[in-house]
Amino acid sequence: MDFVRVEHSHNVAVITLSRGKVNAINDQLVDELLMVVSNAVADERVRAVVLGSDKTRFFSTGFDFAEVFQYDRRKMTEFFGRYIDLYEAIYTLPKPVVGAISGHAFAGGAILALACDVRIMAEGEFGFALNEVNLGLVLPVGAARMAINAVGVPKACEIILSGAAVTPGQALEMGLAKEVAAPESVMERALFHARALSEKPPVAFAGVKKLLKEASGTYNTGDDRKALDEVINSWFSAEAEQRKKALTDSMRR
């Protein structure tokens, strides 16, 4: 694999994003992640998963603007459908999933972080943001569902509607992060929590994890695929096209 590494620490599978400077998400990265997540589900030796990054200041800044912003409607619909499959696979994975959030997590990267059961964030001048609204984009319903599961309705609305970045300290206060650790200790702390959760009886853990999400109304119901047209329409709206172009020009400068 080119952009994803998988290592095993006892019964924990450590999945590491390793693409470019900021782990920008493209179709190949999505496909590789889908494969390793599926393998983690099927491998009975794996009792927990840690999702992290090999970057010291970035978890993932979201979609690769230089590539994904150029997709036509057909390609974007195909890509986004697989991306939905990816975050739902992580969110509903019947084993503990701990996110080692080593730095900035924006947009599509923040959604992958939300899919984890537990998030350990690096202390420092880092941001977590669901900033799609700033680009004129409609957030996929699954992202809203996962945000509500993580921090409750009022805080989820605040994060999503403002599009503003949340600091690690704020994330800890609102329950988005379970722990804030020194950057060099994020993976170690994530492994600590993953190992603790891996000791739970696996069948019971899977059942309770699903039950809690069903009881809170945040379990996958297939709504994302049904609402995909709305997301894609917003992606190609005149408003979004203008803002995406401005962002692309700014990043290139």
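**Close-up 1. H193 sits in helix 8 (residues 186-198).** Helices (H or I, at least four residues) and strands (E, at least two) are DSSP runs, numbered from the N terminus. The model is predicted: local features need pLDDT of at least 70, side-chain atom pairs count only at pLDDT 80 or more, and totals for chains, interfaces and linings use all residues. Residues are numbered from 1 along each chain as its sequence is written, and side-chain values use heavy atoms, with hydrogens and water left out. H193 has a relative accessible area of 11% and is therefore buried (under 20% relative accessible area; exposed is over 50%, partly exposed in between; 1.4 Å probe, protein chains only). Its side chain makes a polar contact with the side chain of E179, at 2.8 Å. A polar contact is a pair of N or O atoms within 3.5 Å; within protein, one must be able to donate a hydrogen and the other to accept it, and residues adjacent in sequence count only if both atoms are side-chain atoms. Apart from neighbours within four places in sequence, H193 is in contact (heavy atoms within 4.5 Å) with V98, I120, K178 and E179.

Close-up 2. Strand 2 (residues 12-17) and strand 3 (residues 48-53) run parallel and are joined by 6 bridges. T16 counts as buried because its relative accessibility is 4%. Not counting residues up to four places away in sequence, T16 touches F3, V4, R5, G52, S53 and D54.

**Close-up 3. Strand 3 is mostly covered, with 6 of its 6 residues buried.** In a regular strand the side chains alternate between the two faces of the sheet. On one side of strand 3 are A48, V50 and G52, and on the other V49, L51 and S53, all buried.

**Close-up 4. An open sheet of 3 strands has the order 4-6-8 and parallel pairing.** Strand 4 (58-60) and strand 8 (128-129) stand at the edges with a single partner strand each, so one side of each has no neighbour in the sheet. Strand 6 (residues 104-106) pairs with strand 8 in the parallel sense over 2 bridges. The bridge partner of F106 in strand 8 is A129.

Note on methods:
Pairing = 2+ DSSP bridges.
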